[in-house]
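Here is a short note for a colleague opening this entry. Please have the sequence and the 3D view side by side while reading.

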Amino acid sequence: MNLLLFTTSDCLEDGRLAVTDRRLQHLREVHRAAVGDQVRVGEVNGAVGTGILLELDSRRAVLSVDLDSPPPVKLPLELFVALPRPKMLRRILRTAAECGVARLRLFNSYRVEKSYWQTPVLAEQSIREYLLQGLEQARDTVLPEVSCHRLFKPFVEDELPQLLQGKRALLAHPGEHQPCPRDLAQPTVAILGPEGGFIPYEVEKLVNAGAQPVSLGPRILRVETAVTSLLGRMA
Ligand code: SAM
């Protein structure tokens with residue numbers, strides 16, 4: 001936790017900040033913080049600054065807070081990812097938030113296991129929790145927007161062309177394609193497939209909607225590794 005994130009619901013009436021949950025545990029057990037210490041703090045979707053520990057015991061930590069800087073700027077990058085298994089989803093949520101991705105769209109495709117759509121990881125509160133962990137790591141405060149698109153055809157036919165308007169769209173797909181670009185000189189959407197890959201019909205639909213197939217190299221990467229590789233190249 002490189003940034004202690006809070007919301008107004010954590011604030012006392014006098015404006016001081018009181019934390020009682022895993023953040024308290026982290027301050028005590030990992031930072032081994034003491035009264036008088038300074039910690040980096042940030043308001044969710046707001047500014048970042050400094051907190052000074054005024055009280056600290058096993059029940060709560062109380063801090064005075066001075067917010068003086070904007071959060072880091074997001075990348076002009078959106079990720080559209082076929083819904084992966086829950087374990088990978090958790091990591092992708094954290095990584096997307098950590099690396100400054102502005103938006104994440106999770107969509108269905110033929111090789112997405114139907115049961116993945118039932119995972120508790122997709123609950124709003126759970127998504128928020130994993131995103132917050134990524135933000136804490138990267139000292140960012142702004143939650144990436146996350147949305148789910150449970151039907152491939154309406155998503156790709158009715159929504160995608162508009163969503164890609166004015167943006168460069170890259171379809172990460174193993175094979176003999178152009179290498180994935182190494183810049184974010186223009187707003188970009190990167191589309192990644194499910195663990196079993198896209199079927200040819202889906203590739204055709206995505207290309208018709210304006211996406212350009214690109215390669216991340218000769219090795220077939222797991223989805224979460226492909227996400228990291230793509231971010232490592234472009235960010
Ligand atoms: N057998 C599947 C195929 O050939 O499409 C493998 C799918 S891969 C495990 C999962 C996703 O990661 C792919 O749909 C693609 O979006 C991305 N990916 C993995 N390796 C890649 C590579 N070398 N180039 C481009 N995309 C890649």
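**Points on the model**

1. Start with Asn45. This residue is partly exposed, with a relative accessible area of 49%. Asn45 sits in the loop between E3 and strand E4 (48-56). Its phi is positive, about 65 degrees, although Asn45 is not a glycine. Bear in mind that this is a predicted model.

2. Now Arg32. Its phi is also positive, near 50 degrees, and Arg32 is a residue other than glycine. Look for Arg32 in the loop between helix H1 (22-29) and strand E3 (38-43). Arg32 is exposed, at 66% relative accessible area.

3. Does the length of helix H6 agree or disagree with its residue count? It agrees: 12 residues (223-234) at 1.5 Å a residue should span 16 Å, and the end C-alpha atoms are 16 Å apart.

4. Turn to the ligand. There are 18 residues around the ligand, and Ala172, Leu216, Gly217, Arg219 and Leu221 come nearest. A backbone N or O atom of Arg219 is 2.7 Å from a ligand nitrogen. For Gly193, a backbone N or O atom lies 2.9 Å from a ligand oxygen. A polar backbone atom of His173 is 3.3 Å from a nitrogen of the ligand. Taken alone, the ligand exposes 570 Å², and the protein buries 86% of that.

Note on methods: Residues numbered from 1 in each chain as written. Predicted model: local features only at pLDDT ≥ 70, side-chain atom pairs only at ≥ 80, totals over all residues. Heavy atoms only, no water. Helix = DSSP H or I, 4+ residues; strand = E, 2+ residues; numbered from the N terminus. Expected span 1.5 Å × (residues − 1). Near = heavy atom within 4 Å. Polar contact = N/O pair within 3.5 Å; in protein donor to acceptor, adjacent residues only side chain to side chain. Areas by Shrake-Rupley, 256 points an atom, 1.4 Å probe, with all protein chains shown as cover. Buried < 20%, exposed > 50% of the residue type's maximum accessible area, 1.4 Å probe, protein only.
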